[in-house]
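Reader: Could you walk me through this one, please? I would like the terms spelled out as we go.
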Amino acid sequence: MKIDDFPEEVKDYLLPSHKAQMAYECIGCEANYPLDRFLYTCPRCGALLRIVDLTFDALKEIPGPLWQRIFDHRKMLNIDGLKGIFLFHELIFPIIPLEDVIYLGEGHTPIVKANEEMSHWVGADFYIKYDGLNPSASFKDRGMASAISFINYMIKTKGIKELLGICASTGDTSAAAALYLSYLPKDVVRSVVLLPQGKVTPAQLFQPLGSGATVIEIPGVFDDCMRIVEQLAEGYEVCLLNSKNPIRIQGQKSYSYEVAQQLDFHAQDLAVVVPIGNAGNVTAVMEGFLDLYDLGIIEELPLILGVQSVHANPLILWQQTGEYRPVEVTPSVAQAAMIGNPVSFPKVSRLVEEHFKERFAAIQVTEQEIIEGMLIANRHGHVVCTQGGESIVGLKKGVEMGLVGADHKVVVDSTSHQLKFAGFQQMYFEDSFPEEYEIRPQEGLKNNPISMEASAEAIAHYLGLKRKQG
Ligand SMILES: *Cc1c(COP(=O)(O)O)cnc(C)c1O
Ligand SMILES: [Zn+2]
């Protein structure tokens with residue numbers, strides 16, 4: 001739709017015009033640093049950084065209900081820079097001009113209502129937000145869209161001649177980083193990903209290779225890869241693309257903006273269920289809702305349920321003991337969340353203590369529950385990954401524990417696509433899980449192809465078909 005066809009009330013705001021001043025802010029000592037370079041931790045105290053808009057209060061001059069109408073109407077525009085997560089330009093990176101925004105089709109993923117049988121199994125009505133329908137098939141594209149748009153803007157405004165983007169990954173970060181970096185000019189940008197050998201799925205290895213990234217595999221788990229890229233980011237000229245880099249978190253906040261928008265901004269009694277790995281996602285989800293709440297776009301903060309496997313559960317232990325300690329992970333089908341020392345933990349604890357309080361709970365589930373959550377959802381019309389299965393059984397537990405009640409509207413995050421985790425489904429169906437997973441397949445959930453002779457009669461007999469009369 002063309003600008004002139006919109007109601008007077010929103011016309012002037014459809015194209016973002018907020019003149020922002022943004023900076024890094026240390027979550028420890030609160031020092032500010034200009035956003036003219038790549039910075040991941042505070043040079044003064046070493047704590048994590050977040051990105052702040054020092055002029056955020058100017059956005060409050062527009063009342064919340066008008067913001068709702070602006071964002072709703074903006075969806076009807078056909079302007080590349082506003083098509084994806086930058087629909088919420090003012091809340092993500094208002095210093096980036098629209099023409100420098102890189103849009104590769106991310107964001108605005110559907111929320112799909114679970115059917116009656118599925119809701120009955122879980123004990124609550126709920127929606128699943130399909131973040132596996134992003135271009136590289138996971139929510140990581142949200143953060144990469146903001147990170148790579150910022151890098152693009154920096155290349156243009158700071159005259160950067162050479163940039164090496166690097167990340168450690170449980171699979172999806174590297175797929176997203178490699179995809180988005182490959183859109184930038186090859187004579188300026190190189191793309192490198194570090195993966196734990198044998199601990200990403202074949203699809204997740206295929207993705208960065210296909211995007212042309214240099215893929216380095218090392219022995220160990222994600223936490224080992226993370227330590228190495230942190231050392232590289234510390235000592236060498238590279239741009240770290242893990243969620244430790246707050247330019248990623250900015251884009252991942254779009255998940256919350258979209259959830260609110262998809263519920264027509266009725267966020268009362270909302271519960272949002274997300275899996276937790278490195279804790280960048282849950283951080284962004286909380287920060288996103290906080291933005292909306294601060295601007296009066298929603299009336300209350302939602303309940304956030306963060307789900308972890310018993311095989312990678314540092315936040316569960318933190319909640320139980322009040323003390324944070326990294327854990328040794330053991331194999332998990334929720335492999336993308338198999339992280340023992342989540343980098344963004346300090347952000348989570350701060351957000352919980354300062355804002356979410358009892359509106360946050362960590363929920364622990366078993367490996368058996370996770371895979372069966374995925375299988376059962378996918379037998380009811382869904383396409384969720386193992387982490388989506390983790391969220392679903394996390395919700396089921398939340399209902400059993402009385403955290404989620406009949407009044408709640410619930411949105412569950414399926415963070416990536418079913419197809420990335422086909423191998424785990426196959427292991428379940430073939431009963432070939434290695435011992436450490438502690439998974440014993442139930443016959444009723446197995447499904448394997450049946451080889452038969454090429455004969456209609458034999459197949460009809462096998463299926464017990466009735467012959468047509470007359
Ligand atoms: C990265 C990832 C997670 C975990 O998100 P964090 O930000 O690391 O907590 C969960 N599911 C999938 C599919 C992922 O790729
Ligand atoms: Zn500091």
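Author: Let me begin with a definition: a residue counts as buried under 20% relative accessible area, as exposed over 50%, and as partly exposed in between, with a 1.4 Å probe and protein chains only. Asp131 is buried by that rule, because its relative accessible area is 0%.

Reader: Before we go on, what sort of model is this, and what are the conventions?
Author: This is a predicted model, in which local features need pLDDT of at least 70 and side-chain atom pairs count only at pLDDT 80 or more, while totals for chains, interfaces and linings use all residues. Residues are numbered from 1 along each chain as its sequence is written, chains are lettered from A and ligands numbered from 1 in the order in which they are written, and side-chain values use heavy atoms, with hydrogens and water left out.

Reader: Back to Asp131, then: where does it lie?
Author: Asp131 lies in the loop between β5 (127–130) and α6 (140–158), where helices (H or I, at least four residues) and strands (E, at least two) are DSSP runs numbered from the N terminus.

Reader: And which side chain does Asp131 have a polar contact with?
Author: The side chains of Asp131 and Thr109 are joined by a polar contact of 2.6 Å. The term covers a pair of N or O atoms within 3.5 Å; within protein, one must be able to donate a hydrogen and the other to accept it, and residues adjacent in sequence count only if both atoms are side-chain atoms.

Reader: Changing topic, which atoms are the protein donors of the zinc ion (ligand 2)?
Author: They are the SG atoms of Cys26, Cys29, Cys42 and Cys45, lying 2.3 Å from the zinc ion. Donors here are N, O and S atoms within 2.8 Å of the metal (3.2 Å for Na, K and Ca), and sites may look incomplete because water is not among the atoms.

Reader: What spacing do those donors follow along the chain?
Author: The spacing is C-x2-C-x12-C-x2-C. Within it, Cys26 in strand β1 (residues 22–26) and Cys42 in the loop between β2 (32–34) and β3 (49–53) link distant parts of the chain, 16 residues apart. Cys26 is buried at 0% relative accessibility, and Cys42 is buried too, with a relative accessible area of 3%.

Reader: How many disulfides are there?
Author: The count comes to 0 disulfides, a disulfide being a pair of cysteine sulfur atoms within 2.5 Å. Take Cys239, whose sulfur is 10 Å from the closest cysteine sulfur, in Cys167, and is therefore too far for a bond. Cys239 is also buried, at 1% relative accessibility.

Reader: Now ligand 1: which polar atoms lie 2.6 Å and 2.7 Å from its oxygen atoms?
Author: A polar side-chain atom of Lys140 lies 2.6 Å from an oxygen atom of ligand 1, while a backbone N or O atom of Asn281 lies 2.7 Å from an oxygen atom of that ligand. A polar backbone atom of Gly280 is 3.2 Å from an oxygen atom of ligand 1.
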